[in-house]
Amino acid sequence: MPVKTVMVRVALLAFGVALTVSGCSSDTVDSDISAETAASASGSTASKSTGPSRALVKWAGQMCKATKLFETMKTNSAIEVEDISHPPADALIGAEFSAMGYLGDTRTSLDEVAKGFDAVRRSGIVAADRLHDNLSKEVARVRPKITDLTDPSAHTSSAEDAVDRAEHVGKLIASLKMPKPDLAAVASPEPKLSAAYGTAPECAPAGPLPEAADGTDAGACKDGDCEILVTKKVHLVVGAWQVSVSLTETKATVRNSGAKGAVAEAWMSTGGTGTFGEGGDELIVKAIAVNKDGAVLTFRTK
């Protein structure tokens, strides 16, 4: 599931990152399968498994999750770098501040992808383990360079050269290649792995977005209370607030201009909430759901 996140930027940007590090094991999934089989034996006769091994389902789920993060990172990076390199005429914040946000987000995303692949043990299936190894090598190829370019302690004038560094990082992310055949193709001819792939929740396609109460009617927000579906960049009037919304596959970014001139930005994944305040007035934005098809957002003024 997407991590629920939200951050608001006003003038200067600050970033906080919390990471959970998963341990790695040199054991293989096949050894876990053998252990499960032995544990299920009764007397001299072992019961036959009627479904995929739990260990192999776990392996497939971890690989699907890490692979989806890998692909989403590439897609989101391309969208954000394009906005940084060619900012819209009505941009509410400077490109350098958007670039700083992108650098922090991308470093975190790359760390999550690397740790996702590191947590996957050997499956014992040659083609599957080869795919895992090739993906890990791709991430390892660009990670040191991106770590250096996104390290705030190594760039004292971080805002001044942020756009150049963001564009460089964007090229490195774009250079990542998804090995062929992919996980679905690797699993197909392997009965055990195919069954595990079909069982693991992480391998299931994303469900549709929920229905928005006001559909795609941006005009419904004029009274300061709406729930709308956003599928592309859009400008909204929400009460006395001027708001723009832009999207990636996992994140909705909301920029606003307050009634008294304040400018701020918030970005959120599914379940995230952002609050903007000015002179006692508030605008509360909640992301009901965000995926590759768009976002369902609620806007409320107080």
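## Asp133 and Arg122

Asp133 counts as partly exposed at 25% relative accessibility, a class that lies between buried (under 20% relative accessible area) and exposed (over 50%), computed with a 1.4 Å probe on protein chains only. Its salt-bridge partner is Arg122, with 2.7 Å from N to O, where a salt bridge is a side-chain nitrogen of Lys or Arg within 4 Å of a carboxyl oxygen of Asp or Glu. Arg122 is partly exposed as well, with a relative accessible area of 32%.

The pair connects distant parts of the chain, 11 residues apart, with Arg122 in the loop between α3 and α4 and Asp133 in helix α4; helices (H or I, at least four residues) and strands (E, at least two) are DSSP runs, numbered from the N terminus.

## Basis of the values

This is a predicted model, in which local features need pLDDT of at least 70 and side-chain atom pairs count only at pLDDT 80 or more, while totals for chains, interfaces and linings use all residues. Residues are numbered from 1 along each chain as its sequence is written, and side-chain values use heavy atoms, with hydrogens and water left out.

## Other salt bridges

The search of the whole structure finds 8 salt bridges. Among them, Lys251 pairs with Glu80, the closest N and O atoms being 3.4 Å apart. Lys251 lies in the loop between β6 (241–247) and β7 (252–257) and Glu80 in helix α2 (residues 54–85), 171 residues apart, and both residues are buried.

Asp111 and Arg143 also meet in a salt bridge (3.0 Å, N to O). Asp111 is buried, at 13% relative accessible area, whereas Arg143 is partly exposed at 25%.
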